[in-house]
Amino acid sequence: MTSETITADAAGTWTLGDLTVNRIGFGAMRLTGNAAFHLGTPSDRKRSIAVLHRAMELGVNHIDTAAFYFSSLRSANEMINRALSPYSDDLVIVTKVGPFRNYSGEWDTSARPDDLRGHVEENLRQLGRDHLDVVNLRRMGQDSIAEHFGALAELREEGLIRHLGVSDVEPRHLAEAQAIAPVVCVQNRFGLDSRNPDTDEIVRICGEQGIAFVPFFAIAGEGGSHGATDGHDEAVLAVARAHDATPAQVRLAWTLAQGPHVLAIPGTGNPDHLAENIAAGALRLTEDELDTLNSLHQKEG
């Protein structure tokens, strides 16, 4: 595949509420270091900003970020603001709230419902916005999300948030949220080698209801926050060879093939990897290849 000339619109588009985005977006987690959060060494600031500029050149109009995406020296939100403000009218910035990291970078007590206004306002301040396009409530293990989601719904009514989503949820949590306010997207961990029956059901439900499903760690696999996996099944490698593509591109192409409502937000701090990730939106797998990879997915978990 020739990555440098393929733009994000090759994957097609979907809507987050009334906001149209290309199905290949960009996850900002890896802008801050060679691993997420405090797990690696801080990134080169100029290089990370150059990645953001390049993403715009390649047609990315959907960025996923959060105030808790920071390392000891870098903040994803601050770099997005620095690189892209004033923002183009078609750029959709999605944030998430719920988890909390203290000033030393360690995970601390997750937000209570009455803390969420502060989380939203911190994202607004860092990004230099007067409203947030989409805010995902990240469930942090609680049995019910009604109080937390209700608090965000109030901020939506005030105009601080345009649309709402949920993250790390089961089907019952999605229904719980929808009884309070519209949900435009669901973010769960999902990938070729990451199978969870509840999430597979969420993918189906979202497709039926026209809700965007936005998986995280679609490339990273078992690497998770530490970065992309180096372990690839022979089936993945064979498909990659057949298309002159990378295994990461095959993983992204498989993800997008799960339905037109499925988006991708691969993250990187490397301009070359960025171009490869976006080019995966143009990779079309054959029915036989999809059958093989779907069987691999079913074996996982």
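Keep in mind throughout that the model on the screen is a predicted one. Aspartate 168 sits in the loop between strand 7 and helix 5.

With aspartate 168 still selected, display the residues around it. Once its neighbours within four places in sequence are set aside, aspartate 168 is in contact with Arg138, Arg139, Gln187 and Asn188. Arginine 138 lies 30 residues away from aspartate 168 along the chain, yet the C-alpha atoms of the two are separated by 6.1 Å.

Next, select helix 4, residues 146-158, and look along its length. Helix 4 has 13 residues and spans 18 Å from its first C-alpha to its last, which is close to the 18 Å expected at 1.5 Å a residue. Colour the buried residues of helix 4, which are His148, Phe149, Gly150, Ala151, Leu152, Ala153 and Leu155. Then move on to glycine 159, which follows helix 4 and has a positive phi, near 95 degrees.

A search of the whole structure finds one cavity of 30 Å³ or more, and the largest cavity has a volume of about 30 Å³. To locate this largest cavity, select the residues that line it, namely Leu16, His62, Asp64, Val94, Asn136, Cys185, Gln187 and Val214. Strand 4 (62-65) and strand 8 (185-187) each supply at least two residues of the cavity lining, and by class the lining divides into four nonpolar, three polar and one charged.

The last stop is the second largest pocket, which holds about 410 Å³ of space. Centre the view on Ala67, Phe100, Arg101, Glu122 and Gln126, which are the closest to the pocket centre among the 18 residues that line it. The elements that give two or more residues to this lining are strand 5 (92-97) and helix 3 (116-127), and helix 3 gives the most, with six residues. Colouring the lining of this pocket by class shows seven nonpolar, six polar and five charged residues.

Notes: Residues numbered from 1 in each chain as written. Predicted model: local features only at pLDDT ≥ 70, side-chain atom pairs only at ≥ 80, totals over all residues. Heavy atoms only, no water. 1 Å grid on protein atoms, 1.4 Å probe; cavity = no way out; pocket = protein on both sides within 12 Å on 5 of 7 lines; lining within 4 Å. Points joined across faces, edges and corners; volume = space filled by probe spheres on them. Helix = DSSP H or I, 4+ residues; strand = E, 2+ residues; numbered from the N terminus. Nonpolar A, V, L, I, M, F, W, Y, C, P; charged D, E, K, R; others polar. Expected span 1.5 Å × (residues − 1). Buried < 20%, exposed > 50% of the residue type's maximum accessible area, 1.4 Å probe, protein only. Contact = heavy atoms within 4.5 Å.
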